[in-house]
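Hello,

Here is the structure I promised to pass on. Please open it first, then read my notes below.

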Amino acid sequence: MTIAARLDALRRELPKCQVVGFGDVDARLVLKAAHQDGLAREVLDSYCTEALTWFETAGAANQSVTVGDHCVVLGAQDMRVYLRHEGRTDFLFLVCDLESDVDLVSSAGRQMLTALAGPA
């Protein structure tokens with residue numbers, strides 16, 4: 001299964017998930033994303049920028065997580081979950097409704113990240 005197909009399958013699997021993407025924070029680039037038609041590239045780029053900002057902030061504060069780095073950002077209209085393995089530059093992000101189960105989204109995202117990027 002291709003990366004694009006895997007991302008699309010994850011988006012369909014999670015209720016109320018609008019975007020699932022895979023990128024590289026060092027390159028500041030979203031490599032692949034699954035979303036509905038009409039999502040502008042600039043929006044995807046903004047998710048990459050936001051991920052970089054949060055990962056750098058966590059690193060500066062020396063906040064580590066046992067299974068890797070992650071952050072959850074609650075916006076006015078959505079929840080954004082950013083995941084990466086500690087010390088790696090590739091990351092996965094999921095944009096879901098605010099009512100989404102953050103544990104379910106994070107767990108499914110972590111499994112997908114490991115499948116795409118390999119174990120931490």
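Among contacts in the protein between residues at least 6 apart in sequence, what percentage join residues at least 24 apart? The figure is 53%. Bear in mind that this is a predicted model.

Now the layout. The protein has 3 helices and 5 strands. Along the sequence they run α-β-β-α-β-β-β-α. There are 120 residues, and 43% of them count as buried. The exposed surface comes to about 6600 Å². Carbon and sulfur atoms supply 51% of that area.

Next, the interior. In soluble globular proteins, nonpolar side chains tend to be buried together. Here the largest nonpolar core has 19 residues. Leu-7, Leu-10, Val-20, Phe-22, Leu-92 and Leu-94 touch the most other members. At least two residues of this core come from each of helix 1 (3–13), strand 1 (17–24), strand 4 (79–84), strand 5 and helix 3. Helix 3 gives the largest share, 6 residues.

Take a look at Leu-92. Leaving aside residues up to four places away in sequence, its contacts include Leu-7, Val-20, Phe-22, Val-81, Met-112 and Leu-116. There is also a second, separate core of 15 residues. Cys-71, Tyr-82, Phe-93 and Val-95 are among them.

Last, the surface. Val-72, Leu-74 and Leu-98 form a nonpolar patch there. Together they have about 260 Å² of accessible area. Leu-98 sits in the loop between strand 5 (90–96) and helix 3 (102–117).

Best wishes

Definitions and conventions:
Residues numbered from 1 in each chain as written. Predicted model: local features only at pLDDT ≥ 70, side-chain atom pairs only at ≥ 80, totals over all residues. Heavy atoms only, no water. Helix = DSSP H or I, 4+ residues; strand = E, 2+ residues; numbered from the N terminus. Buried < 20%, exposed > 50% of the residue type's maximum accessible area, 1.4 Å probe, protein only. Contact = heavy atoms within 4.5 Å. Areas by Shrake-Rupley, 256 points an atom, 1.4 Å probe, with all protein chains shown as cover. Patch = residues over 30% accessible without salt bridge, like charges linked within 9 Å, V, L, I, M, F, W, Y side chains within 5 Å. Salt bridge = Lys/Arg side-chain N within 4 Å of Asp/Glu carboxyl O. Core = buried A, V, L, I, M, F, W, Y, C linked by side-chain atoms within 4.5 Å.
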